[in-house]
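Subject: Structure for you to look at

Hello,

Here is the structure I said I would pass on. Please open it first, then read the notes below.

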Amino acid sequence: MSFKPILTKNVGISSIRKLDVYRQNGGYNSLDKLFKTPRDKLLQTVKDSGLRGRGGAGFPTGLKWSFLPKDHPGPFYLVVNFDESEPGTFKDRYLCDQDPHQIVEGVIATSYITNCAKAYIFIRGEFPEQAQILQKTVKQAYKANLLGKNILGSGYDLECVVHRSAGAYICGEETGLLEGLEGRRGWPRLKPPYPAVEGAFGKPTVINNIETICCVPHIINNGPAWFASMGTEKSTGPKLFGVSGHVNKPGVYELPLGIPCRKLIEDYAGGVRNGKRCKGAIPGGVSMGVLTEEELDCPLDFEGPPKYGCMGLGTAGVIVMDEDTCMVTALRNIVRFFAHESCGQCTPCREGSAWMLQIINRILAGDAAPKDIDLLVELADAQGMMPGKTICGLADGTAWSVRVFIKKFRNEFEAKVKSKSTVTV
Amino acid sequence: MVWEPKDRLAAAEPTTESALGHKLQNAVTALCKLYPTKQAALLPTLHKVQAELGNLSDQAMIEVAQILEISPAQVLDTAAFYDMYTRQKRGKHIIGVCESLSCELCGGGELLNALKNTLKIEPGQTTPDGKFTLITMQCIGACDFAPAMIIDEKLYKTVTPDQLDKILLEIDK
């Protein structure tokens, strides 16, 4: 079955950032149907489609929305998570570059279904160009009465604000993001209460990834059965896969969920560059762990990577490493990232990640003892949400990547410890 | 920003002259209207102030605190947390090199070394003529264009060390 792009169908159309061009290509068509259908029916449609969050956790979107309190006086807020900071992930940037009005259409649809009065698009600080694009797009939408008071005569009011962050990975965590939105340091909150009950400014809040909300208008247009016909039984719909690293054609590829990793690398990303062999690939952002060459048949859906010891699909940002890559150096890069981005709130994460970085540096410098590898694993086991040591999942990402790298490439670590080599990057 | 201790005795006395000026004050007041609380306007406010003044001086942060009706310590607390804000005076152009995994695999380290050699500074430093500040950044979301760097809000894609001279000349015009 050939797959026709859905989220990226407008890629390559010139001036697609202009409102009338977007409209000529079927943009904002979902709004008619949206405003004529009762909210509970729309919610059921999204539930039936099986749409799961595209930001990393894969939580069922419809279910998340149904947690909003029924008898709250409001207002409700929608916060769109455009803080994609996980190394290897660039799909949301691509969506914004290529088709920004699709995002606004998604914002309107999601806000209407969940009855939100105000939407904040939380964009990461490292995307100044994209923040400007979104700002312009929102302005155009206001002008055409797609945002603002009484949208297209439907009686529904929606305000939309683009909020630019300033460089903190932790703000991708939903409660860290809320803190950033409220003008404080991005320290994640203890849960419960969950954002659906008490989120931004103490009000019930819906937080969704950009790609998730972009799926919503398509589900309204084409129905839940159409959406569920793509992908696998539990992971439905199209997904943007970002491929980077040692491949011939790095980029974003839209494919149904469940595509084998090997197929994505070889058929779409042009295979490993310079005719080399692949040594391993990170399936979805650096916190997910790594797949070895033999494990590349892993299907990329929400259930696939865990079968191979990885944490999950994550953000579906695949990083390919060729046969010459030093896995210890690669892990050093990952741990350095987490040590830098640890927000400092919980001791196991703040101290643990910095300590792990020291150990890996020691291994690379040739000063390590064999027990250092076990110490790394011990540290990894002692941090994160899963053993109940930290508030958010950042430390789980550090721990998971350390554990999986050592489990799958232990011989490389041991060789480095024995060889007393010196590597400087 | 990177935390740096300050010698309180050497710090400048608060001045009566406004660091923000009318234009910025009005811009900040306008930002407050977008949010249910005034403090929520802090991140975009600091972006605006830093874009206008080049850095976040103590005086500027005190004035921001007054407009947003929070304490100056709260402004500093937030500003200190986020990487992109700075109290230091930086060069005219800020060169941010991505050092995350995809970029490192594709030659980000070589790019950074070439920049260090060309500019003769280390990351975090500014050239003596005040033209360039070199910083390293965590993933800038351009892994498909690795190695990537950002100069003054513009993304430079798939940069090789031999392109550097041309790029630096161009932005220095």
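What share of the contacts in chain B with a separation of 6 or more comes from residues 24 or more positions apart? The figure is 61%. Keep in mind while reading that this is a predicted model.

On confidence, the predictor assigns the complex an ipTM of 0.92 and a pTM of 0.94. Chain B has a mean pLDDT of 92, and 93% of its residues reach 70 or more. Where pLDDT is low, predicted coordinates should not be read in detail.

Chain B

There are 173 residues in chain B, and 38% of them are buried. The C-alpha atoms of this chain fill a box of roughly 50 × 40 × 30 Å along the principal axes. Its secondary structure consists of seven helices and four strands. Read from the N terminus, the order of elements is α-α-α-α-β-α-α-β-β-β-α.

The contact between the chains

Chain A puts 47 residues into the contact, and chain B puts in 36. On the side of chain A that touches chain B, at least two residues each come from α7 (128-143), β3 (159-164), α8 (174-181), β5 (238-245), β6 (251-256), β11 (317-322) and α12. The largest share of that side, six residues, belongs to α12(A). By residue type, the side of chain A that touches chain B holds 19 nonpolar, 19 polar and nine charged residues.

The nonpolar core

In soluble globular proteins, nonpolar side chains tend to be buried together. Here the largest nonpolar core has 177 residues. Those with the most contacts inside this core are V79(A), V80(A), L264(A), A281(A) and A148(B). Helix α12 of chain A, residues 327-341, gives the core its largest share, nine residues.

Regards

How values were computed:
Residues are numbered from 1 along each chain as its sequence is written. Chains are lettered from A and ligands numbered from 1 in the order in which they are written. This is a predicted model: local features need pLDDT of at least 70, side-chain atom pairs count only at pLDDT 80 or more; totals for chains, interfaces and linings use all residues. A nonpolar core is a set of buried Ala, Val, Leu, Ile, Met, Phe, Trp, Tyr and Cys residues joined through C-beta atoms within 7 Å. A residue is buried if 20 or more other C-beta atoms lie within 10 Å of its own, exposed if 12 or fewer, and partly exposed in between; C-beta atoms are placed from the backbone. Two residues are in contact if their C-beta atoms, placed from the backbone, lie within 7 Å. Ala, Val, Leu, Ile, Met, Phe, Trp, Tyr, Cys and Pro count as nonpolar, Asp, Glu, Lys and Arg as charged, and the others, Gly among them, as polar. pLDDT is the predictor's confidence in each residue, from 0 to 100.
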